[in-house]
Amino acid sequence: MQSIKINTAEGASLLIMGGTIDDIRDKLPASGLFLITDTNVKRLYGSVFPPATVLEIEPGEKSKTLEVAGDLCRQLLEAGADRSSFILGFGGGVVCDVAGMVASIYMRGVRHAFVSTTLLSQVDASIGGKTGVNLGTFKNIIGTFSQPEFVLCDHRMIATLPEEELQSGIGELVKHGAIGDRNLFFDITASMGRIYDRDPVVLGDLITRAVKIKAAVVRRDPLEKGPRRVLNFGHTFGHVLETFYMIPHGVAVARGMIIAAGLSVWKGEMPYSELRMLEVAIAESGMESDYDLPADVINLISRDKKSEKGSVNFVLLRSVGKTIIRRIPLKELGAFVDYYRERRDRSQSV
Ligand SMILES: NC(=O)c1ccc[n+]([C@@H]2O[C@H](COP(=O)([O-])OP(=O)(O)OC[C@H]3O[C@@H](n4cnc5c(N)ncnc54)[C@H](O)[C@@H]3O)[C@@H](O)[C@H]2O)c1
């Protein structure tokens, strides 16, 4: 077990990597604990839940709505939760995003922490204090920054994840290597068999190294004013694909990374050989990634949070492991999308 600390002016978070439920019992209050989970996670792990009032949501992205968050607040009130209560989000990224948001708004904020149960949430979603829900097809438009007091990542829980959800997590794992650590990227690609075997030791090593990258970025920029934007690599196109095709987050981000890497080459920022390396790594991870961009992709991106006054702050690569942020006018992005589509059509007709 390893611990990583994120200390920021807005709050501190202890990340417990590789621990078990027993490692958090002394961090939970003796009473006033409210546990938010989804029905799948409750079915699988309900027997190890600490004593708490349990509130359940439906699994999946459809639960990331204001209505669900509001309903949870109502249930908390009816169950007697007050400002001294403690919320434990127990689940994947959806549970963490919704439970974190509820904890940050209920009675103007109550203490909270997570037990993170998917690869994607252990690598990314439960770490760093971003909470949120979607508005229609627009991802994470409503949310807050609020650091969980602690996050427990028990890597053995990944054993029960469906394969598609494992792949989704691999997408975010690869992203961390791509933005911040070339050696991690190579180790992930070399360990794909062990990842699919859900080897907790290999997973623990790769997840912990990825989380160290994220933690370092969050410490520098907890409120995403600048440097934290690198964590959005692959997300501008990824979010569009995720909502358009209703595919898992990390699978969409994986495709979004390939497109963003293509843009990096198109803009002359990165050699083509690096793009190929990323394409091969994602292909070898077994992820279906051949999703075409919807016709109104630029219009959709114009309404993304990362978009301001007709341009978008775009995370590009200089090489695998090194990023650069460029402000790209939507018009120029449109020209790239035309080029990208033409290239894709040509390669498919061969
Ligand atoms: N806040 C952030 O910084 C951040 C970062 C990245 C992603 N996200 C968000 O995370 C969400 C995706 O998270 P996710 O991929 O964990 O999805 P998820 O929470 O929907 O979990 C995926 C599925 O796996 C099930 N599940 C959870 N743990 C399990 C386990 N141990 N065994 C078996 N099944 C299990 C869930 O019930 C669900 O059906 C997206 O909404 C994305 O926007 C947030």
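The following exercises, with worked solutions, concern the predicted model shown above.

Residues are numbered from 1 along each chain as its sequence is written. Because the model is predicted, local features need pLDDT of at least 70 and side-chain atom pairs count only at pLDDT 80 or more, while totals for chains, interfaces and linings use all residues.

**Exercise 1. Describe the shell of residues around the ligand.**

Step 1. The shell holds 31 residues, and N40, P59, G92, G93 and T118 are the closest.

Step 2. Helices (H or I, at least four residues) and strands (E, at least two) are DSSP runs, numbered from the N terminus. At least two shell residues come from each of α1 (39–45), α3 (93–105), α4 (119–125), β8 (138–142) and α5 (163–180).

Step 3. For the classes, Ala, Val, Leu, Ile, Met, Phe, Trp, Tyr, Cys and Pro count as nonpolar, Asp, Glu, Lys and Arg as charged, and the others, Gly among them, as polar. The shell then divides into 10 nonpolar, 13 polar and eight charged residues.

**Exercise 2. Determine the order of strands in the sheet that contains β10, β11 and β12, and state why one side of β10 and of β12 is left without a neighbour.**

Step 1. Two strands pair if DSSP finds at least two bridges between them. β10 and β11 (residues 311–319) run antiparallel and are joined by two bridges, with S307 opposite V312 in β11.

Step 2. β11 and β12 are also antiparallel, over eight bridges; here L317 stands opposite T323 in β12. Two residues separate the strands of this hairpin, in which G321 has a positive phi near 105°.

**Exercise 3. Compare the span of helix α11 with the expected value and locate its buried residues.**

Step 1. The expected span is 1.5 Å times one less than the number of residues. α11 (residues 272–284) has 13 residues and reaches 18 Å from its first C-alpha to its last, close to the 18 Å expected.

Step 2. A residue is buried if 20 or more other C-beta atoms lie within 10 Å of its own, exposed if 12 or fewer, and partly exposed in between, with C-beta atoms placed from the backbone. In α11, E274, L275, L278, A281 and I282 are buried. They cover an arc of only 125° around the axis (taken from the directions from the helix axis to the C-beta atoms), which puts them on the same side of α11.

Step 3. The face turned away from the buried side carries the exposed residues Y272, S273, R276, V280 and E284. Contact means C-beta atoms, placed from the backbone, within 7 Å; the cover over the buried residues of α11 includes α5, α6 (182–190), α10 (249–266) and β11.

Step 4. G286 follows α11 and has a positive phi, near 85°.

**Exercise 4. Carry out the span and burial analysis for α10.**

Step 1. The 18 residues of α10 should span 26 Å at 1.5 Å a residue, and the end C-alpha atoms are 25 Å apart, which agrees.

Step 2. Of these 18 residues, 16 are buried, and α10 is thus mostly covered. Just after the helix, G268 takes a positive phi of about 75°.

**Exercise 5. Characterise the surroundings of N313.**

Step 1. N313 lies in strand β11 and counts as partly exposed because it has 16 C-beta neighbours inside 10 Å.

Step 2. Leaving aside residues up to four places away in sequence, N313 touches R229, K306, I325 and R327. T236 is 77 residues from N313 along the chain, and their C-alpha atoms are separated by 9.3 Å.

Key:
Near = placed C-beta within 6 Å. Contact = placed C-beta atoms within 7 Å.
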